[in-house]
Amino acid sequence: VAAGRFAALGTNAWRVAPALLDAVARGDMSIGVPAARALAGMNIDQAPHWERLAGRLAGQTRAVRVLEWLVRGSDEWRRPYSLANRRFGLLGLGAVGPAAKPTAPMVVELLKSRDDSGLWPAAVSALVGMKADTPELLSGFKRVLQNPEEWPTTRACAADALTALAPGDPNLRPLLDSALRDTSGLVRAAAARNLWKLHVSPAVVLPVLTALLDHKLVSIRTVALDGLAQMGAAA
C-alpha cells in the first residue's frame, strides 16, 4: 500500500528513493518488487541525482531477481507489468552492472521483438551497463536503421543502439552519414547526435541540428536542442 502511495506522489516522493533502492538491493521479492514499482511510478530515473542513486544497485546480485521479474513477470492479477515498470526494471539491471549479465539473453530477446520497441532505449542501456556481448543484434539494428518503412522513433533507437553497442564497427559511420539525409527529422537528429559521439567534426553535425530548429514539430526541435546541448562548447 505504501509503495503505491509513493508511486502516486510522483516526483514529490523522490526523497524516499534511497530507502526504496536499498529495499530492491536486498532482493526480498515481497518488498523489493513493490519498491521497484514505486520507483518506476515516481520516474526516479529523471531525477537530477539519478546516477548517484543508481550506484546503490551496483554489484547487488540479489537485486537482479527483483528487477528481472519486473521485466518479464506479472502482477497479482497475472497481467504483464506496465511499460513504466518494465522500463525501470531494465534500467535497474543496467545499474547493477556485470553482475546482471545472466539476464542478457532475456534483454536480447526483448530487443528482437517489434512489439517492445518502446523499451529499446532502456534495453540497450541495460546491455551497455552489464557489458554484454551482443553481436547477433547488430545486423538487425542496421536493417531497422536503413528501412524507411519502420517508424522513425524505432529507427532513431536503432542508431542509438548501434553507437552504444558497437562504436568501433567500420560500417557504422557510413550508415549514420547516410541517415543524415533521411526524410525523417527524427532520424537525421539521431544520426547527427551519434556521429558526434563518434567524434565526427562539428562541421558535419551542426548544420543538420541547426536546420532542425526550424522544424514544424516541437518534438523534433526539442531533439535538435538536446543534440546541441550534448555538443557543449563545440556548438
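Modeller: A residue is called exposed when its relative accessible area is over 50%, buried when that area is under 20%, and partly exposed in between. The model discussed here is predicted.

Colleague: Which exposed residues does the face of α13 turned away from its buried side carry?

Modeller: Helix α13 spans residues 202-212, and its buried residues are V205, V208, L209 and L212. These four cover an arc of only 90 degrees around the axis, which puts them on the same side of α13. Their cover includes α12 (185-197) and α14 (218-231). On the face turned away from that buried side, the exposed residues are A203 and A211.

Colleague: How many residues apart are D22 and R56?

Modeller: The side chains of D22 and R56 form a salt bridge of 2.9 Å, N to O. D22 belongs to helix α2 (residues 17-26) and R56 to the loop between α4 (50-54) and α5 (61-72); the pair links distant parts of the chain, and the separation is 34 residues.

Colleague: What separates R173 and D177 along helix α11?

Modeller: The side chains of R173 and D177 meet in a salt bridge of 3.0 Å, N to O. Because the two are four residues apart in helix α11 (residues 172-179), their separation is about one helical turn.

Colleague: How far apart in space are V108 and A123, C-alpha to C-alpha?

Modeller: V108 is placed in helix α7 (residues 104-111) and counts as buried at 5% relative accessibility. Beyond four places in sequence, V108 touches L127, T134, E136 and L137. A123 is 15 residues from V108 in sequence, and the C-alpha to C-alpha distance is 8.0 Å.

Colleague: Which residues does T154 touch, not counting those up to four places away in sequence?

Modeller: T154 is found in helix α10 (residues 152-165). Its relative accessible area is 7%, so T154 is buried. With that sequence limit, T154 touches S117, W120 and V144.

Definitions and conventions. Residues numbered from 1 in each chain as written. Predicted model: local features only at pLDDT ≥ 70, side-chain atom pairs only at ≥ 80, totals over all residues. Heavy atoms only, no water. Buried < 20%, exposed > 50% of the residue type's maximum accessible area, 1.4 Å probe, protein only. Contact = heavy atoms within 4.5 Å. Arc of directions from axis to C-beta. Salt bridge = Lys/Arg side-chain N within 4 Å of Asp/Glu carboxyl O.
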